[in-house]
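Trainee: I would like to learn how to read a structure like this one, feature by feature. Could you give me the general idea each time, and then the case at hand?

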Amino acid sequence: MPIKKTIAVFISLIIATIVITGCGSSQSTATKAPSSNTGSAPTATKAPSNNTGSAPTATKAPANNTGSAPITLNGAGATFPLPVYTEWIQMYKSVQPDVTLNYQGIGSGGGQKAILDGTVDFAGSDSLLKDEQYQQMPDLQMLPMLAGAVVPIFNIDGVDNLVLDGQTLVDIYMAKITRWNDPAIAALNPGVTLPDEPIVVAHRSDGSGTTEIFTSYLGAVSKEWTDNVGVGKAVEWPADASGQGIGGKGNPGVAQAVQSTPFSIGYVELAYAKSNNIPFADMINAAGNQVTANADTMKDAMAAFANSFSERLTTKIVNAPGKNSWPIMGYTYLVIHMKNTDCDKTAALLDYIQWAISDDAAAQKAADLGYATLPDAVRTLVINKLHEVTCNGQPVL
Amino acid sequence: MAQDIFSQVNLQRVYRRRRLTNKIMLGLTGLMLVLALIPLIWIIVYVLIKGGRHINLDFFIHLPQPMGTTGGGILHAIEGSLVMVVLASVFSIPPALLAAFYLTTHESTPLASAIRFSTDLLAGVPSITVGLFGYAVIVLAQKHYSALAGGVVLAIIMLPVVIRSAEEMLKLVPPDLRAGSLALGAPEWKTAIKVVLPAAAEGIITGIMLGVARATGETAPLLFTALGNDNYEIGKMIKQGIEHNQSIFDVLGRIFEQPADALPLTLWKYAQQPYPERVEQSWAVALVLMLFVLSLNILARVWIARRRSALQ
């Protein structure tokens, strides 16, 4: 008896392999040629949404399951908005039960690579795409979703409030100021007992939009920073060269590094500092006022740059001149394709984006976490852009 | 006479010395055994204590909550791990068994030594490299991350483990048994399936279990292939499939063709979060992963014991 059972198991395993590999390979051949899969309804939903040629007959393909088949939208990228995106995705389950969203926080650099490789339906990035990336894939569009503050977080036993200015922050990250009781820091913080300890400088180890915002600010404050270190998703940190730097993966990684390293300083999106009770420093802004990162100071900074959006719908909002502006800020963007071939997926994605930037509950959740929602003018720009998105040459909305 | 007494005394002294040496060496080996067991017991106890507090039913039947909020579970990771390990087993076990049969029946052909050599090489390839291979060959070609891609890379990792252990087990089957079966006129394939395989089944199953355990614990290759998915829920996919009158292939397609999470992947992601709930949950994930692999082993052993008593 047991012998027969073994044979049965063995044979069923072989059959299962044949069935599944057969099915798998037919699928992969179908998806390898996205421009030509006009028929085959079962695979149509899985076809990638990248725009390798738009077959004119493809519109007829998904006719038998238009709007009714469950849809999965996959995205990856920035960790800057990850806390609010996971909340939104959770909320959206009850708004659109048939649409499942999946967003993985792999960093803005990773997200840009993923959408250029065509492995995701949308990407999150707070780092602006470069010209050569637009050339590689001309239909990419960045859509601002939210703005957020980057805050300097620190871990000094017994110190809860700290004030820094741009030049001091530059000098710390340039490894020119290496101890907490440096006169430059002490001058900004009268009455605070600063320890005679070396400063451990935490930064991102992956390609990061948060780093781009932070280095944009340091570059705006200091020509020396622009000339010697530069602005970008990843830079060569001077503190690393002097052995005082540590890297963390994603915003969570930097927050954890600062939490677990005494006498360290780092930079993260405000939501990570707030929800984990990590103390963050006040800044002296461009107008010379001491400001703390909150909804008001963020609004002030955004208002100062209200009309600065480029044709690409992107802008940088660091070192705002406003009286109460928080100086280290950035918009975070979704990166999508303007020309698509999978109409159901595209429609679902556009619906989600519209919901995310228009819904009151979604806006409230973002504000609770410490993000700033889009000013009305910017929201109108985004919605106008959404109406230009096409699927097989036809507008989707 | 005097010499006899002398030699007897002498002998007793020798015996005493030998007994003493025996005791000392036995004590030493015992001590080393304890030393060797310390890390194992330490890990098990530590993970039990750290992770045990957060294990409850909700942890197994719910999807994760947004970060920074309490509650939520790891259903997505459990289901993702199951799907990928099942896929990996289906892809790797049949070819591995066939290769093992070939290796034992044609021990010294050039092809056999080539298979053995390449199997050893494959076993030595770092798993992250296998993951990168999966990314380049499957993910980039298919244009999306998927549980299927995760299953394939895990299959590649399982393959050498299963081939080599199955070969060892098949070798242990007495050649007389095979010769007898062939002499009685049974064809080679019947001999293989009805005589050799049952005789070696226990060992082969153990080898498969080892392979499955290895695959379940792998993180690195899944980073490039399965990516991760907080909303991976097979029940929901089946339910939606029924609601929308999808065929079984559509539903299976959705299950296999979208990104998936896995227990070690979730552990890795959670452990680097600043949120204390996530870090605590990562210990609970570690515990679940450990118990999963442990129970696999125990199940295999129980099954083997049952078979053994049935055979006798």
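Mentor: Let us begin with burial: a residue is buried if 20 or more other C-beta atoms lie within 10 Å of its own, exposed if 12 or fewer, and partly exposed in between, with the C-beta atoms placed from the backbone. Helices (H or I, at least four residues) and strands (E, at least two) are DSSP runs, numbered from the N terminus. This is a predicted model, in which local features need pLDDT of at least 70 and side-chain atom pairs count only at pLDDT 80 or more, while totals for chains, interfaces and linings use all residues. Residues are numbered from 1 along each chain as its sequence is written, and chains are lettered from A and ligands numbered from 1 in the order in which they are written.

Trainee: Which residues of α14(A) are buried?

Mentor: The buried residues of α14(A) are A:C343, A:D344, A:K345, A:T346, A:A348, A:L349, A:Y352, A:I353, A:A356 and A:I357. As for length, the expected span of a helix is 1.5 Å times one less than its number of residues. Helix α14 of chain A, residues 343–358, has 16 residues and reaches 22 Å from its first C-alpha to its last, which is close to the 22 Å expected.

Trainee: How many helices and strands are there in chain A, and what percentage of its residues count as buried?

Mentor: Chain A has 16 helices and 14 strands, and of its 397 residues 50% count as buried. For contacts, the rule is that two residues are in contact if their C-beta atoms, placed from the backbone, lie within 7 Å. Among the contacts in chain A with a separation of 6 or more, 71% are between residues 24 or more positions apart.

Trainee: How is strand pairing read, and which strands does β4(A) join?

Mentor: Two strands pair if DSSP finds at least two bridges between them. In chain A, β4(A) runs antiparallel to β11(A), with nine bridges joining them, and A:M142 has A:V335 as its bridge partner in β11(A). Six bridges join β4(A) to strand β8 of chain A, residues 264–269, again in the antiparallel sense, and there A:V150 stands opposite A:E269. β4(A) is also mostly covered, since 14 of its 16 residues are buried.

Trainee: How is chain A divided into domains?

Mentor: Domain bounds come from an automatic or database domain assignment. Chain A is divided into domain 1 (71–147 + 330–395) and domain 2 (148–304), whose C-alpha centres lie 28 Å apart. Between them, 24 residues of domain 1 are in contact with 23 residues of domain 2. On the side of domain 1 of chain A that touches domain 2 of chain A, the largest share, three residues, comes from α4(A).

Trainee: What is a nonpolar core, and which residues touch the most other members of the largest one?

Mentor: A nonpolar core is a set of buried Ala, Val, Leu, Ile, Met, Phe, Trp, Tyr and Cys residues joined through C-beta atoms within 7 Å. The largest has 173 residues, of which A:V151, A:I328, A:M329, B:M84, B:A226 and B:V285 touch the most other members. Helix α6 of chain B, residues 147–172, gives the most to this core, with 17 residues. Domain 1 and domain 2 of chain A both give residues to this core, so it lies between them. Leaving aside neighbours within four places in sequence, B:V285 is in contact with residues including B:I74, B:L263 and B:Y270.
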